[in-house]
Amino acid sequence: MSNKSNNQGRAYEFSYLITLYEEISKIRPVKIEKNSSFYAAERAWNTLTDYEKTIYKLSSLAGINAIFDLEPLILENGCDILELKIQSDDKGKEGDVRDVLIIRRGIKWEIGLSVKHNHFAVKHSRLSKNLDFGNKWYGIECSKQYWEDIKPIFEYLDIEKQKDSKWSDLPNKEDDVYIPLLNAFKDELERQNNMFGQDIPRLMIEYLLGEFDFYKVIGIDSKRITQIQSYNLRGTLNKQGNNRKRSMELPISALPTRIVSLEYKPNSKNTLELYLDGGWQFSFRIHNASTKVESSLKFDIQIIGMPTSIISIDCRWK
C-alpha cells in the first residue's frame, strides 16, 4: 500500500472515530481513548483539505447511521460511558481486522468496524523464501515439498536482487516467478486440505476475516456510497437492546467445510480463485510490491463471492 493510500486509510478511520463521537454524544456519555493510533490517524486527518474532510465525514456519517439501526446498544441509555478507540495495525497481524472499536464495559459488550476507503481488499499477505504461510496463517507448517518447490524461484530472485535489477528488467516475471510460485502455493494448500480435511477451509476464513465478528464499512467516493457488510460468524453482532430495538435481524454465517476448487482465473498468470462451500469465494493475486526486485511477493486477496447470510447495505450520501 502506498504512503498516500495508507494516509487516506488512517484519515478515514479518524473520520469514523470523530463522527461516532459527535453523534453518540448527542444522546449518551462517550469518550475517546487517545492512544498512539489515535494520534497517527489525527495526523493523517490533518493532511486532508477541507473539501476532503467534508467528503470523508459525509461518507462516515452515512455508514454510522446504518450501524446505529443495526446496533441499538450503542445509543441505549445506561450508567456507563461508551468508549471509542482506534486499534493498532499490529492487531491485524494478531488476527483482529477491526480498526475502530465501540465498547461498553458496564455490560461487557463491544463491536468493531473494519474501515476501508475506496478499496475492497481483505489481506495483503506475503510469500517469501523463509515465510511459512501455513504456520503463519493458521498454525499448520508447510511441507518439505513446498520448500523444495519455492527454492529455485527465490534463488533466482536473490541473484537479480544482487544485480540491483528492477522487476521490469526481468524477461518474463509471470512464467519465471508468478506461475511457479502460485503453483507451489496451490499444491501446498491442496496437500494440507487432503491431510486436515474440513479444518483448512474454516481456518482459512478465520485467517482472512479475523477472530472477531465485525462490520466492514467501505467508502466509495466516486459513487457517493458507503457500503456496510456484516460478518456475523459467531453471532456477537446485532444484539437487541432493552429499550431500543434493532432495525433488522442479521443471520449468522456458517464457516465453510470444503474446498470446491482452487484454479487460475481464466486468462490470468497471476491470480488464483478459491471456491469454498456455502458461497465463499476469494481471489489471490500475486504481485511485486516494489520497483526493484526483492525476495518476497505480496498477495492482494479479495472476496469475490459471499454467502447470502452476509448482509450488504449500500448507504447513499449527498
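Modeller: This is a predicted model, in which local features need pLDDT of at least 70 and side-chain atom pairs count only at pLDDT 80 or more, while totals for chains, interfaces and linings use all residues. Residues are numbered from 1 along each chain as its sequence is written, and side-chain values use heavy atoms, with hydrogens and water left out.

Biologist: Which residues touch the most other members of the largest nonpolar core, and what makes a set of residues a nonpolar core?

Modeller: Trp 137 and Phe 284 do, among the 46 residues of that core; the term covers buried Ala, Val, Leu, Ile, Met, Phe, Trp, Tyr and Cys residues joined through side-chain atoms within 4.5 Å, where buried means under 20% relative accessible area with a 1.4 Å probe, protein chains only. Elements giving two or more residues to this core include α7, α8 and β11 (281–287). A second, separate core has 42 residues, Leu 17 and Ala 66 among them.

Biologist: Why are α7 and α8 called oblique to each other?

Modeller: Helix α7 (residues 173–196) and helix α8 (residues 199–209) pack at about 125°, with axes 8 Å apart. Angles under 35 degrees count as roughly parallel, over 145 as roughly antiparallel, 65 to 115 as roughly perpendicular and the rest as oblique, and the two helices are therefore oblique. Their contact (heavy atoms within 4.5 Å) includes Phe 196 of α7 and Met 204 of α8.

Biologist: How do you know that the span of helix α3 agrees with its number of residues?

Modeller: The expected span is 1.5 Å times one less than the number of residues, so the 21 residues of α3 (residues 50–70) should span 30 Å, and the end C-alpha atoms are 30 Å apart, which agrees.

Conventions
Axes are lines fitted to C-alpha atoms, for helices over the stretch in contact, and angles run from 0 to 180 degrees between N-to-C directions. Helices (H or I, at least four residues) and strands (E, at least two) are DSSP runs, numbered from the N terminus. Buried means under 20% relative accessible area, exposed over 50%, partly exposed in between (1.4 Å probe, protein chains only).
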